[in-house]
Amino acid sequence: MAKVVAGDAEAGGGSSWPSVLELEALMGERDMAALEALVKAKGGSGGVAGLMAILGTPSSGLDGSDVAQRRAFFGKNAFDAKPPTTYFELWWDAMHDGAIIVLSIMAALTILVWIFVEGVNCNKTGWMEPTALMFSINAITHTTAIIDYKKERMFAALTAQLDASNKKFVLRGGESLELADADIVVGDVVTFNAHNAATIPADGLLVAGSGCKMDEAALNGEPEPAEKTVEGAPFILSGTICCSGSGKLLVTAVGTHSVSGKIKAAV
């Protein structure tokens, strides 16, 4: 297998592996002629089997020795986490509530009236009302910011927990391993079925299957499940669900390079 570096991912870097752009285009077109053309351009033949050979994937799955290299070349099967909102940003957002703005203006006007009008009459208690109003505004906005801050952190922790527990069955060195979605790389062979491993974690091609039908309504709106076969319709997209049968998937695009990943990134 040719040695590659991360910087060569877009152009292919002279590697026998297809480039990220080539695999993206293949999964975008989802055409058998495009698959044959890609395999032929890389010096192979045989459709799905030829692409497996080009990606260096044996029928028993990857041996795991080049996982880091593949992740650097093809990208990771995860999305960069959005930076958490700071406490000041949450407080500043709370300050822009319509009712808070009105109360702030009222407090400021009351202070001005006390200073320039009532102050002449030595009304020493005129400051109490606007001060109480300002105190109430600060109490409301800081309480809102604290609640939002805790909720956002709790949601991030729950999301991380769900991601860690969301595992798929992957063939590595002839053994079936349970791996998190983020650990899956291009070239992996993922096994799926309509029971306990139905959700597809990445774009890929069906390399073996029995009565495999995929629910693609989330991506194309089609209510009827699409039948998948190795010879005629092997293209399976991430985010779709196996509603019948079982199969093995050769991963070809992950993360933001997959079809559903691009949609998620855009949203």
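The expected span of a helix is 1.5 Å times one less than its number of residues. In this predicted model, helix H6 covers residues 98-116 and has 19 residues. The distance from its first C-alpha to its last is 27 Å, close to the 27 Å expected at 1.5 Å a residue. The N-terminal end of H6 is capped by Asp97. A side-chain oxygen of Asp97 lies 3.1 Å from the backbone nitrogen of Ala99.

Aromatic contacts were examined next. Seven aromatic pairs were found in a search of the whole structure. One of them joins Phe73 and Phe74, whose ring centres are 4.7 Å apart. Their planes meet at 85 degrees, and an angle over 60 counts as edge-to-face, so the pair is edge-to-face. Both Phe73 and Phe74 are buried. Together with Trp17, Phe73 and Phe74 form one aromatic cluster.

A further pair is formed by Phe88 and Trp91, with ring centres 5.8 Å apart. Here the planes are at 40 degrees, so the pair is tilted. Both residues belong to helix H5 (residues 87-95). Phe88 and Trp91 are separated by about one helical turn because they are three residues apart in this helix. Trp91 has a relative accessible area of 17%, so Trp91 is buried, the limit being under 20%.

Technical notes:
Residues are numbered from 1 along each chain as its sequence is written. This is a predicted model: local features need pLDDT of at least 70, side-chain atom pairs count only at pLDDT 80 or more; totals for chains, interfaces and linings use all residues. Side-chain values use heavy atoms; hydrogens and water are left out. Helices (H or I, at least four residues) and strands (E, at least two) are DSSP runs, numbered from the N terminus. A polar contact is a pair of N or O atoms within 3.5 Å; within protein, one must be able to donate a hydrogen and the other to accept it, and residues adjacent in sequence count only if both atoms are side-chain atoms. Rings of Phe, Tyr and Trp (its six-membered ring) pair if their centres lie within 6.5 Å; planes under 30 degrees apart count as stacked, over 60 as edge-to-face and the rest as tilted. Buried means under 20% relative accessible area, exposed over 50%, partly exposed in between (1.4 Å probe, protein chains only).
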